[in-house]
Amino acid sequence: MDLKIPILLLLFTLMSCQSVRLHVVDKKIIQPGRQGGEIAVLYSTAIKVGNPVSIIKIREKYTLESLSFSITRLPDGLLIPSATVLQKGEYFINVYRDYTEEIAKTEDVLIFIFKNEFQKTITIEQKTTMSNQLLMK
């Protein structure tokens with residue numbers, strides 16, 4: 001009986017301290033809107049930040065190469081620099097990469113690497129979900 005209260009308090013503390021939570025990562029193929037344009041791949045997800053973090057790198061699971069990305073603050077839609085420390089709130093991330101036939105057919109896994117205010121690295125691995133939505137650029 002004496003241990004139940006401290007254990008419950010510890011569990012509550014651990015659950016409420018979650019720094020970053022990713023939603024589903026959508027994968028979309030972007031078709032060129034003009035002749036001669038290049039096909040691209042766009043990954044997009046919303047994230048919820050509980051404690052201040054910075055995005056250090058976003059990459060695919062089986063490569064070390066960083067992918068380019070942009071961050072939009074929600075709900076106002078302000079585009080913010082990728083080096084910015086993300087404060088508590090919600091954000092939308094777009095990740096871009098070149099198109100290949102292999103990428104179109106595979107289920108990708110992205111790795112998001114964050115650093116919190118105490119310089120601790122947080123790594124989140126997330127599978128992508130192919131969206132049937134066709135975009136044009």
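Hi everyone. When I say two residues are in contact, I mean that they have heavy atoms within 4.5 Å. Please keep in mind as we go that this is a predicted model.

Let's start with T45. You'll find this threonine in strand β3, which covers residues 40-49. If we set aside its neighbours within four places in sequence, T45 is in contact with L22, H23, V24, V25, Y91, F92, I93 and F112. So is T45 buried or exposed? Its relative accessibility is 2%, and since buried means under 20%, T45 counts as buried. What does its side chain do in there? A polar atom of the T45 side chain lies 3.1 Å from the backbone oxygen of H23, and the side chain also reaches the backbone oxygen of V24, at 3.2 Å.

Next, strand β4, residues 53-60. Of its 8 residues, 6 are buried, so the strand is largely enclosed by the rest of the structure. Its partner here is β8, residues 109-116, and the two pair in the antiparallel sense over 7 bridges. If you'd like a landmark on screen, look for I55, which stands opposite F114 in β8.

Now for the charged pairs. How many salt bridges does a search of the whole structure find? The count is 5, and I'd like to walk you through some of them.

Take K27 and D108: their side chains meet in a salt bridge, with N to O at 3.0 Å. K27 sits in strand β2 and D108 in the loop between α2 and β8, so this pair ties together parts that are 81 residues apart in sequence. Both ends are worth a look for accessibility: K27 counts as buried at 1%, and D108 counts as buried at 5%.

R97 forms a salt bridge with E60, and the closest N and O atoms are 2.2 Å apart. This pair links distant parts of the chain, with R97 in strand β7 and E60 in strand β4, 37 residues apart. E60 is buried, with a relative accessible area of 14%, while R97 is partly exposed at 21%.

One more pair: the side chains of E125 and K61 meet in a salt bridge at 3.1 Å, N to O. E125 lies in strand β9 and K61 in the loop between β4 and β5, so the pair ties together parts that are 64 residues apart in sequence. Here E125 is partly exposed, with a relative accessible area of 44%, and K61 is partly exposed at 31%.

Methods. Residues numbered from 1 in each chain as written. Predicted model: local features only at pLDDT ≥ 70, side-chain atom pairs only at ≥ 80, totals over all residues. Heavy atoms only, no water. Helix = DSSP H or I, 4+ residues; strand = E, 2+ residues; numbered from the N terminus. Buried < 20%, exposed > 50% of the residue type's maximum accessible area, 1.4 Å probe, protein only. Polar contact = N/O pair within 3.5 Å; in protein donor to acceptor, adjacent residues only side chain to side chain. Pairing = 2+ DSSP bridges. Salt bridge = Lys/Arg side-chain N within 4 Å of Asp/Glu carboxyl O.
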